[in-house]
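Here is a briefing on one protein chain. Please keep the sequence and the 3D view open while reading.

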Amino acid sequence: MITVTELLQPVETDLETLLGDLRSLIGAGHPILQAAAEHLFSAGGKRLRPGIVLLLSRALAEDGQLTPRHRRLAEITEMIHTASLVHDDVVDEASTRRGVDTVHSRFDARVAVLAGDFLFAQASWHLANLDDLEVVKLLSRVIMDLADGEVKQGLFRFDTAQTFETYLEKSYCKTASLIANSARAAGVLSDCSSTELDGLYRFGRQLGLAFQVVDDILDFTGSDQQLGKPAASDLASGYLTAPTFYAMEEHPGLQALISREFAEPGDLDHALEMVRSSRAIPRTRELAEIFARESRDSIGWMKDSACKRALLELPDFVLSRLY
């Protein structure tokens, strides 16, 4: 199975530069905020989102070279993603991420919220300095979507009346919007045509949705170690995802267990058994495969290069996390 590191190999040096640049961009402002931000960037995430921006930027360039604006766009993408993780961890009360203490467990919730705000503000400042209104609009939309997705997730907890479309919208806001809009923004900076920009956006959107749907499957099939959080924690928290929706179609009784918030002893185990004994997981896997295929098909027009080949392998990499 191919790893993220292997996939991002064509932009490996760019990502190392990005990490150094991020540290200097954050600046020496408030020591605690800087310590919090430093802590995040050294936590060693996969850097998949800025990696996608860098791969696209090189693949779209006639000479395969990166402009300073494309580099800055990748840095802004990582800042926005990291800021959203800090806030997510506070909301979810998670004590670790990627095996490292979360900002709020190392400092406190107040500092974590401020550190997230600080990174969003930094990203907005550097975004404005790109001097491209279209790119500013695209990435500002992402920041709105992230907040919208988080609010929707909280509002619809244990709500069995919500639609499958609501679930997909929330998944788009929380996971796919950043990949889709930063992919399109890379195209804007590369002077792509409107048809090409639509293709780049669709590539990121469907890839992001595939990624989220795979995560939702792993919540039921993965181990605590693999997930970095307790298995089935989404269902236990009342977050309804594709496997739960599909299982409710086969087991109407599941709805009652969720609606009473697993109040009775054994409710959660019974609910998990219903999901795992139904066709919910295979059906959700099919959905992820559709999104992955649509993502791959969206960039067929790009000229061949090592970066394009890496991008075409990304949807399969996302699916490979299931096996």
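**Briefing: a buried leucine and its surroundings**

Leucine 257 counts as buried, at 6% relative accessibility. Buried means under 20% relative accessible area, exposed over 50%, and partly exposed in between, with a 1.4 Å probe and protein chains only. This is a predicted model, in which local features need pLDDT of at least 70, side-chain atom pairs count only at pLDDT 80 or more, and totals for chains, interfaces and linings use all residues. Residues are numbered from 1 along each chain as its sequence is written, and side-chain values use heavy atoms, with hydrogens and water left out.

**Chain overview**

- The chain holds 17 helices and two strands. These are DSSP runs numbered from the N terminus: helices are H or I with at least four residues, strands are E with at least two.
- Of the 323 residues, 53% count as buried.
- Among contacts in the chain with a separation of 6 or more, 74% join residues 24 or more positions apart. Contact means heavy atoms within 4.5 Å.

- Leucine 257 sits in helix α14.
- Setting aside residues up to four places away in sequence, leucine 257 touches Phe262, Asp267, His270, Ala271 and Met274.
- Leucine 257 and threonine 160 are 97 residues apart in sequence, and their C-alpha atoms are 10.0 Å apart in space.
- Phenylalanine 262 lies in the loop between α14 (253-259) and α15 (267-277).
- Phenylalanine 262 has a relative accessible area of 12%, so it is buried.
- Its contacts, leaving aside neighbours within four places in sequence, are Phe158, Leu235, Ala236, Leu257, Asp267, Leu268 and Ala271.
- Glutamate 261 is in the loop between α14 and α15. At 48% relative accessibility, glutamate 261 counts as partly exposed.
- Glutamate 261 has a positive phi of about 55 degrees, although it is not a glycine.

**Phenylalanine 158**

- Phenylalanine 158 is placed in the loop between α8 and α9.
- With a relative accessible area of 11%, phenylalanine 158 is buried.
- Phi of phenylalanine 158 is near 60 degrees, a positive value in a residue other than glycine.
- Phenylalanine 158 is one of the contacts of phenylalanine 262.

**The α8–α9 pair**

- α8 and α9 pack at an angle of about 170 degrees, with axes 8 Å apart. That makes α8 roughly antiparallel to α9.
- The residues of this contact divide into eleven nonpolar, five polar and ten charged.
- Axes are lines fitted to C-alpha atoms, for helices over the stretch in contact, and angles run from 0 to 180 degrees between N-to-C directions.
- Angles under 35 degrees count as roughly parallel, over 145 as roughly antiparallel, 65 to 115 as roughly perpendicular and the rest as oblique.
- Ala, Val, Leu, Ile, Met, Phe, Trp, Tyr, Cys and Pro count as nonpolar; Asp, Glu, Lys and Arg count as charged; the others, Gly among them, are polar.

**Cavities**

- A search of the whole structure finds three cavities of 30 Å³ or more.
- A cavity is a set of points, on a 1 Å grid over the protein atoms alone, where a 1.4 Å probe fits but cannot get out; lining residues have an atom within 4 Å of a point.
- Grid points are joined across faces, edges and corners, and a volume is the space filled by probe spheres set on the points.
- The second largest cavity has a volume of about 50 Å³.
- Its lining is Lys152, Gln153, Phe156, Arg157, Gln162, Thr166, Lys170, Gly238, Tyr239 and Leu240.
- α8 (133-155) and α9 (164-189) each supply at least two residues of that lining.
- By class, the lining has three nonpolar, four polar and three charged residues.

**The α16–α17 pair**

- Helix α16 (residues 280-297) and helix α17 (residues 306-320) pack at about 170 degrees, with their axes 8 Å apart. That makes α16 roughly antiparallel to α17.
- Ala288, Glu289, Ala292, Ser295 and Arg296 of α16 meet Leu312, Pro315, Asp316 and Leu319 of α17.
- This contact has five nonpolar, one polar and three charged residues.

**Threonine 77**

- Threonine 77 belongs to helix α5 (residues 68-92). At 0% relative accessibility, threonine 77 counts as buried.
- Not counting residues up to four places away in sequence, threonine 77 touches Arg49, Pro50, Val53, Leu178 and Ser182.

Key:
On a 1 Å grid over the protein atoms alone, a cavity is a set of points where a 1.4 Å probe fits but cannot get out, and a pocket is an open set with protein on both sides within 12 Å along at least five of seven lines; lining residues have an atom within 4 Å of a point.
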